[in-house]
Amino acid sequence: MEPQLPMKNYILLAFLFSGTFLFAQDYGNLSGGFESDFKWYNNDSKTGEFIDTNFPGTDEHVRSNNYLKLDYTYKKWSAGIQLESYLPKPLVGFLPKYDDSGLSTFYLEYQSKKLKITGGYFYEQFGSGLILRSWEDRQLGINNALMGGRIVYRPTNDIKLTGLFGKQKEAFELSEGQIFGVDTEIDLSDIFKVENYSLGLGLSYVGRYEETDIENPNFEELTNAFSGRLDFSKNSFYASAEYVAKTEDAIVETHTINNDLVKPGNALLLNFGYADQGLGVNATLRRMENMSFFSDRKAQGNLFNQNIVNFIPALTKQHDYLLTNIYVYQAQPSVVLNAANNLAKAGEIGGQFDMYYNFKEGSTLGGKYGTKLAMNAAYWANLSGEYDLLNHDYEVDYFGFGQKYFSDISLEVRKKLSEDWSTIFTYVNQYYNKKYIEERSGIIETNIAVAEATYILNEKQSIRLVGQHLWTEDDHKNWGGGTLEFNASHKLSFYVSDIYNYGNEIKEERIHYYNIGGSFTKGANRFSLNYGRQRGGVVCVGGVCRYVPESTGLSASISISF
């Protein structure tokens, strides 16, 4: 755990740090930003009395997450700090350990043409992130920066070598497990002087060392992961392949290490695509078996995305509308053998296919202004094989498709009707297996239709209207919704939205999740204000999700960059 200083010391440190940087402006460059997210939670007869189960017994209805980041560069040197404050408590749904204020991250870095050395907190990614990725996403409450050291060396323009070690950040503390990593990137096409195509090779190693208190463990305290990847592109075609192998480690179930179930893990990721003259196609395929990887073993399954070593987003279309994001798929890399629920899974296999085509202006289907067509299809399933719930064991097929998890088929048409009117029509068909995704019974099949229209009033003002409807005979039945947005200028906008579960068989749960608000933007600075209800469920960014409970209240956010 990091030593904690009194808050006044952190404030003094911030002033000294800022003052030093400002004094040194003639000798370098200072940049930074401030972000604050505030919410006042209200009791509501529909969404219920405000209760934060992470802080039982507390009644702070006003919460805020605040971030101040400062970076300074001088010639080949750079340094930075990030101060964070969660007062009087963090926003609901965030890690309870964020209940503090203080110095969150700091770093010092030297960089020349061939060498970069970093000490302190840093972010890194090997390949697609299947073996290692550290990053920050404040909306999701993720900041798994590594605290330690990193060296990046380029002996030639064709080769990049990276070595690192550290412990992962967890709020204001550090994980128990230690992370070691080495990565090599080689530009083969440049080495062999090939000009008509590009070919890159990547090799990575990541080790996680964590001591265990289990007597006579059947697994090693050091878990090793190895990966290799190839990236190819020629003209309009591109392709990539990545394979990861993880050595044997104990399976963790409900935060308990099972010393009798020790298995290796692996993952295969394939990507193919073509884009040229208004046509684009892309296919992504992935197979994962026992690929959960955490710096602390028992962190597996935590609700706050903490201690994650690798990056495993859901490979499905990231939808833009409220009703298309009710039943959201989350990647399934873990092993679950639950005899009580008759649930057995060891990972996932599937993929998604994207296609877009632009019908030219003046063509039969393009019309006067052209037409854009986009289609996406995603399918995910369990790995087929033999699952022995009684003896707690499994053997899976490599390319076998087992129980279906999820499917999503969507069609989107973008059509400009005139100089002032533009439209978007979207249809989505979804299949969602609650048992395998949420470990709750039920299969949900939905059809969703969305119509969006934007009318340009003048050079600065526009009106946007969205209508949505979700049909299903399952779960909470039908939903309807809509959004009206008015852009008063390039800087100022207002909106009102509502989704309503009118088909719910329980009348008390037919709730209008209304929201009204606006935002003001000037340059890199933004302020927004909103009042309304938050539907309980998952919020996803880039295929990674976190759960948020139902709530009602006033929200405000401010973001300043300099």
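Predicted model: local features only at pLDDT ≥ 70, side-chain atom pairs only at ≥ 80, totals over all residues.
**Exercise 1. Leu 269**

Task: Determine in which strand Leu 269 is placed, whether Leu 269 counts as buried or exposed, and which residues are in contact with it beyond its neighbours within four places in sequence.

Solution: 
- Step 1. Leu 269 belongs to strand β17, which covers residues 256-276.
- Step 2. The relative accessibility of Leu 269 is 15%. Buried means under 20%, so Leu 269 counts as buried.
- Step 3. With neighbours within four places in sequence left aside, the contacts of Leu 269 are Ser 128, Leu 130, Ser 240, Ala 241, Glu 242, Thr 284, Leu 285, Arg 286 and Leu 315.
- Step 4. Gly 351 lies 82 residues from Leu 269 in sequence, while their C-alpha atoms are 9.4 Å apart in space.

**Exercise 2. Ser 462**

Task: Locate Ser 462 among the strands, classify it as buried or exposed, and list the residues it touches, not counting those up to four places away in sequence.

Solution: 
- Step 1. Strand β26 comprises residues 462-471 and includes Ser 462.
- Step 2. Ser 462 has a relative accessible area of 13% and is therefore buried.
- Step 3. Residues up to four places away in sequence are not counted; Ser 462 then touches Thr 454, Tyr 455, Ile 456, Leu 457, Glu 485, Phe 486 and Asn 487.

**Exercise 3. The disulfide**

Task: State how many disulfides a search of the whole structure finds, which cysteines form a disulfide, and why the disulfide of Cys 540 and Cys 545 has its handedness.

Solution: 
- Step 1. Because the torsion about the S-S bond is about 100°, the disulfide is right-handed.
- Step 2. Cys 540 is partly exposed at 24% relative accessibility, whereas Cys 545 is buried at 8%.

**Exercise 4. Strand β22 and its partners**

Task: Describe the pairing of β22 with β21 and with β23, and identify the residue in the turn of the β22-β23 hairpin that has a positive phi.

Solution: 
- Step 1. Strand β21 (residues 347-359) pairs with β22 (residues 371-388) in the antiparallel sense, over eleven bridges. Ile 349 has Ala 381 in β22 as its bridge partner.
- Step 2. Strand β23 (residues 393-416) also pairs with β22 in the antiparallel sense, over 16 bridges. Here Trp 380 has Phe 406 in β23 as its bridge partner.
- Step 3. Four residues lie between β22 and β23 in their hairpin. In the turn, His 392 has a positive phi of about 55°.

Terms used:
Residues numbered from 1 in each chain as written. Heavy atoms only, no water. Helix = DSSP H or I, 4+ residues; strand = E, 2+ residues; numbered from the N terminus. Buried < 20%, exposed > 50% of the residue type's maximum accessible area, 1.4 Å probe, protein only. Contact = heavy atoms within 4.5 Å. Disulfide = S-S within 2.5 Å. Pairing = 2+ DSSP bridges.
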